[in-house]
Amino acid sequence: DEIFEGKDIDTDVVTEADVGLNKSSTFNEGTKAPKESSTAELVELNKNSTVNNAESSKSEEFEKDSNITSLNNLNQTGAVNETAKADDFTPEVGLNGSSILDKELDERSNITVLNIAESSNNKSVAENVGTSEESFASKNDTVDINTSNNNAPDTGLGTTNSTSEKGVETNISAPVVSFNSSISSVEQHVTPSFDKNEKPKPKPIQNDFTKPSDNSSPRKAPKMKKKPEMLPPAVTTIADMNNLLYQSRVSYESPTPKWSSRADKVLLEARLQIENAPIIKNDPQLYAPLFRNLSMFKRSYELMENTLKVYVYKEGKRPIVHTPVLRGIYASEGWFMKQLETNKKFVTKNPRDAHLFYLPFSSRMLEETLYVPDSHNHKNLIEYLKNYVDTIAAKYPFWNRTEGADHFLVACHDWAPSETRNHMANCIRALCNSDVREGYVFGKDVSLPETYVRNPQKPLRDLGGNPPSKRPILAFFAGSMHGYLRPILLEQWGNKDPDMKIFGKMPNVKGKMNYIRHMKSSKYCLCPRGYEVNSPRVVEAIFYECVPVIISDNFVPPFFEVLNWESFSVFILEKDIPNLKKILLSIPDKRYRQMQLRVKKIQQHFLWHPKPEKYDIFHMILHSVWYNRVFQMKPR
């Protein structure tokens, strides 16, 4: 009871020096996490899965029709890249843009979102819950709820009369050099549409508490139902991740809301508009080859700006909650927390207007405050988060409505995946440690960029780098020998080749090139994994306009939902470290210059500004959360 306070809390901003943080004041990429025996919960997906037209079968309650949705040959998209055609290093990618719909599906595609049929049972549930929400509003003094908010601003989400009958924009971008056993994946992004008659599978409501006689008694969050555990493959290549992402659009099942809301209808309409986005060939602010589908991203971003409302929970006690850390390698979660909590455009004080609910805790402060050094046990940290969720579920009806599916968290500490995989399993988790084998779920979770902020007052200090002609170093890495991979890299290439500047931790010596000057003078900046798959060097390379070389199996790169990472970076399997120089030298100079130019253009999406700017890292994080939630929506 002493942990939580249900009152407004002024946001405090701290740096690591203020709270005595000792793990990220230097360039130290986290601590080795205590591993648990529980295996990450993933749904096994086949690369070339096809949803076939099933025979209609009758049941006592309803009839279910399955439409043909072919996922074979799903292709990743960017926009048309004329320079890619002249690139001799990568083959020209053919188009497979003819998505054929069955005549029966065409007849059913002319629907109106707001006229989705609901059963009488669902209607009665919604009415009953609406009454309980009004009761909740009258009892809760900390929340300003306006139950008669019918004059909502025009968001551009009107009624449409068609589903995705248009051809999805076909964008080609030159694939990156993918030096692994699988074929480089630049595939067309076809987003499956849905039928208004499609009914989600009913899911039983499961509670882990006894129904109280008094309605005002505290409630707990229902236990998350565990799916059968299935191990992903030992190595998930970037091509595999592309397939998993596309398949997640139809395979991932978000918990069905217990009752419908106005926000659900808005999100469903947003999905239709994104799927039918008008084709954009050129945009003055966005470079098409960097995106899977520029048209869909642009429309989604516009709808987010005009529509999205986020409710930020006020519950929780400092320093774990509402205390952003703005310095060091975990700064992403702190900067996002600070900029969202002070944002008047996206944040609403009325939770009934919210499309998303933010859990404003710091995984860094959770570890710093509660972890017992050398205990190799973080059960008390997990218990704290469970109590935090129970407090919210007891005070508000929104968590239990979706079992947390419309709630999200932003956490950069290495332990965040294991700490949130049980009691926050349904939440949209923005994680720096975006490891496929640690439970990252495509279609739900978001890969959070790990940004190393050296000076919170000047986050853009030293931005940029030398032009390609003044980058004499082929490849550069320097850092602590965390994990199993970096010692292998150092043993293989350390002090053995003048073109390969591979070091351990680099001290600052006056008169000698320091870490930053090396990155600014290198063609390729190596980003090997540390204790976990993530590394701040990925964003650092972009910051200093150096082409990132990602050497981390199973790592899902940031903003994977919308960015075409293979157009501006290189992915190398861990087993190919002995061939590292040979691989990099095989990339033609023309291709390198093309990637380096794209790194400069992608840079705007990875920068923190004292005040958020359009398309910057704050908006990109929020957009990925919004985008995943939108595509979880299906008609009831």
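Start by selecting Asp462, in the loop between β8 (446-447) and β9; helices (H or I, at least four residues) and strands (E, at least two) are DSSP runs numbered from the N terminus. Check its backbone: phi is positive, about 70°, although Asp462 is not a glycine. Asp462 counts as partly exposed because its relative accessibility is 38%; the cut-offs are buried under 20% relative accessible area, exposed over 50% and partly exposed in between (1.4 Å probe, protein chains only).

A word on what you're looking at: this is a predicted model, in which local features need pLDDT of at least 70 and side-chain atom pairs count only at pLDDT 80 or more, while totals for chains, interfaces and linings use all residues. Residues are numbered from 1 along each chain as its sequence is written, and side-chain values use heavy atoms, with hydrogens and water left out.

Next, jump to Phe559, in the loop between β12 (547-551) and β13 (570-572). Here is another positive phi in a residue other than glycine, near 55°. Is Phe559 buried or exposed? With a relative accessible area of 0%, Phe559 is buried.

While you're checking backbones, go to Arg318 and Pro319: the peptide bond joining them is cis, with omega about 10°. Pro319 sits in the loop between β4 (310-312) and α8 (331-341). For context, most residues other than glycine have a negative phi, and most peptide bonds are trans.

Now select helix α7, residues 294-307. Its 14 residues should span 20 Å at 1.5 Å a residue, and the end C-alpha atoms are 20 Å apart, so the two agree; the expected span is 1.5 Å times one less than the number of residues. Zoom in on the start of α7, where a side-chain oxygen of Asn293 comes within 3.2 Å of the backbone nitrogen of Ser295.

How many of the 14 residues of α7 are buried? Twelve are, leaving the helix mostly covered; among them are Leu294, Phe297, Arg299, Tyr301 and Glu305.

To see the contact (heavy atoms within 4.5 Å), show Met296, Phe297, Ser300, Tyr301, Leu303, Met304 and Thr307 on α7, with His619, Met620, Leu622, His623, Trp626 and Tyr627 on α18. By class, that contact has nine nonpolar, four polar and no charged residues.

Two loop stops remain. Ser480 lies between β9 (473-478) and α13 (485-493) and counts as buried, at 14% relative accessibility. Draw a C-alpha to C-alpha distance to Gly530: 8.4 Å in space, for 50 residues in sequence. Then pick His423, in the loop between α12 (416-420) and β7 (428-431), which is partly exposed at 29% relative accessible area. His423 and Gly404 are 19 residues apart in sequence, with C-alpha atoms 9.3 Å apart.

Finally, zoom out. The protein chain has 18 helices and 13 strands, and 56% of its 636 residues count as buried. Among contacts between residues at least 6 apart in sequence, 79% join residues at least 24 apart.

Technical notes
Polar contact = N/O pair within 3.5 Å; in protein donor to acceptor, adjacent residues only side chain to side chain. Nonpolar A, V, L, I, M, F, W, Y, C, P; charged D, E, K, R; others polar.
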